[in-house]
Amino acid sequence: MSDTVLRYIEMLGMIPAHPGGISARQLHDRLLASRHDVNVRTVERDLHKLSRRFPLEAYGTGPVGWRWRKGAKALALPPPSPEGALAYVLLQRFAAPLLPRGMLRCIARDFDQAAAALDRLPDSAYARWKERIAVVPAGFHLLPPDVAKDVVEVAYDAVLRSRRFEVDYRGHGYADWRRFRVNPLGLVQAGAVFYVVATLWDYDEVVHLALHRMRRPMLLDDAAGSPAGFDFQRHVIEERSFEWPHGRSIKLQLDVRGWLAQQLSEQKLAPDQKITPPKDGNIDSWHRVTATVMESEQLFRWLCGLGGMVRVRTPTRLRRRVITEVNTVVAYDIGIS
C-alpha cells in the first residue's frame with residue numbers, strides 16, 4: 001500500500017462527523033505528528049480529491065473547515081486496544097485542559113471510541129484501572145475562575161503556532177482594561193489558574209498573564225519570538241518563577257514536631273534537607289530541620305498555616321514576619337470575642 005493511500009485513510013479517520021469539523025492546517029499538524037511529510041497545500045488538494053469520492057463537505061470561511069456531511073457516518077477505524085483505550089481515557093481525564101483546543105475537537109471521537117472500548121470490557125484490568133485512580137490537590141483549593149471560550153481558543157492557538165495575539169487585559173487589583181500585544185512563550189497551569197508566559201510588544205521582560213483576566217482576543221499573523229537565552233522549562237521549573245514574589249535562596253532552619261516531623265522525613269523541603277531528631281527519640285519533641293529553599297509568599301503562607309507544629313529559627317526576618325502575622329490574627333480574635 002502506497003504512502004499516499006495510507007495518508008488518505010488516516011485523513012478520512014481524522015475528519016469529524018457533522019456538526020464537528022477540522023481545518024486543513026489542523027489536519028496537517030496531525031499528519032505531521034503521524035510522520036507524514038506533507039505541506040498544507042498538499043492536504044488541501046487531498047481534501048478536494050477525497051470530497052469527490054466520499055461524502056465530505058467544506059464549510060465556513062477563513063479558514064475553511066471540513067467534515068462528513070450531515071447523515072453520513074465518519075470513517076470507522078478499528079477500535080483501539082485496551083491499552084490504547086485506557087491511555088486515551090486518562091488523557092481526557094487528566095491532560096485535556098493542557099491540550100490545544102483544535103486538537104481536542106479532532107480527537108473527541110477517539111475519546112468516545114476509547115470509552116466505548118473499555119465499556120465493552122467491564123471486567124478487564126484496564127477498565128478497572130480507570131475507576132481506581134484519582135488525583136487530589138494538596139491542601140485547601142479554590143474553584144477555577146471562569147475563562148472566556150474565545151480567550152482559550154486564541155491563546156492556545158497562539159502558543160501552539162508561535163503567533164502573537166492582541167487582547168484586553170485587566171491586571172490583579174486594577175480597574176481598567178489595557179490592550180496588549182502578546183508574544184506567547186508557553187502555557188502554565190498553576191493550581192486552578194492558567195497563565196500565558198509571554199513578553200509584550202517588543203520588550204524582553206517576561207510576564208505572566210492570567211487567562212481569566214483577558215477579553216476580546218485576536219490572533220495575529222506575526223510570528224512569536226523568544227528573548228535571547230530564554231528557556232521556558234528553566235523559567236518555570238528551575239527558577240520557580242510562579243512562586244511569587246520571586247525571592248532569593250535562603251537557608252531555612254525550623255523546629256518541627258509530631259506529624260510534621262514525620263511528613264518532612266518523607267517529603268523533603270529541598271534535596272539538601274537535614275533533620276536532627278531529638279535525643280529522647282519522641283516524635284512529639286522538637287526536631288531540627290535545615291534546608292536551602294526559595295523565599296516566597298507560598299513558603300510564608302505554608303509556615304503560617306502550620307500553627308504550633310513549627311518554630312522558625314532562621315532567617316530572622318522570616319521568623320519576625322511569621323510572629324507578626326500570628327499576633328495579628330490573635331489580636332483580631334480578641335477584638336471580636
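Biologist: Let's start with Trp201: what is its relative accessible area?
Modeller: Trp201 sits in the loop between E6 and E7, where strands (E, at least two residues) and helices (H or I, at least four) are DSSP runs numbered from the N terminus. Buried means under 20% relative accessible area, exposed over 50% and partly exposed in between, with a 1.4 Å probe and protein chains only. Trp201 counts as partly exposed, because its relative accessible area is 33%.

Biologist: And what kind of model are we looking at?
Modeller: Residues are numbered from 1 along each chain as its sequence is written, and side-chain values use heavy atoms, with hydrogens and water left out. Local features need pLDDT of at least 70, side-chain atom pairs count only at pLDDT 80 or more, and totals for chains, interfaces and linings use all residues, since this is a predicted model.

Biologist: Back to Trp201: what is its phi near?
Modeller: In general, most residues other than glycine have a negative phi. Trp201 isn't a glycine, yet its phi is positive, near 50°.

Biologist: What is the strand order in the open sheet of 5 strands?
Modeller: Two strands pair if DSSP finds at least two bridges between them. The pairing here is antiparallel, and E7 (207-210) and E8 (214-223) each have a single partner strand, so they stand at the edges. From one strand to the next the twist averages 45°. The order is E7-E6-E5-E4-E8.

Biologist: Which residue of E7 is the bridge partner of Ala198?
Modeller: Strand E6 (residues 193-200) and E7 run antiparallel and are joined by 4 bridges. In E7, the partner of Ala198 is Val207.

Biologist: Now the helices: at what angle do H4 and H6 pack?
Modeller: Axes are lines fitted to C-alpha atoms, for helices over the stretch in contact, and angles run from 0 to 180 degrees between N-to-C directions. Under 35 degrees is roughly parallel, over 145 roughly antiparallel, 65 to 115 roughly perpendicular and the rest oblique, and H4 and H6 are therefore oblique to each other. H4 (residues 82-95) and H6 (residues 108-119) have axes 8 Å apart and pack at about 125°.

Biologist: How many residues of the contact of H4 with H6 are nonpolar?
Modeller: Contact means heavy atoms within 4.5 Å, and the residues making it include Leu86 and Val89 of H4 and Phe111 and Ala114 of H6. Ala, Val, Leu, Ile, Met, Phe, Trp, Tyr, Cys and Pro count as nonpolar, Asp, Glu, Lys and Arg as charged, and the others, Gly among them, as polar. Besides 1 polar and 1 charged residue, the nonpolar count is 11.

Biologist: Which residues does Asp110 touch, leaving out those up to four places away in sequence?
Modeller: Asp110 lies in helix H6 and is buried, with a relative accessible area of 17%. The residues are Arg30 and Tyr88.

Biologist: Which residue is joined to Pro315 by a cis peptide bond?
Modeller: Pro315 is in the loop between strand E12 (310-314) and helix H12 (316-336). The omega of this bond is about 0°, and the residue joined to Pro315 is Thr314.
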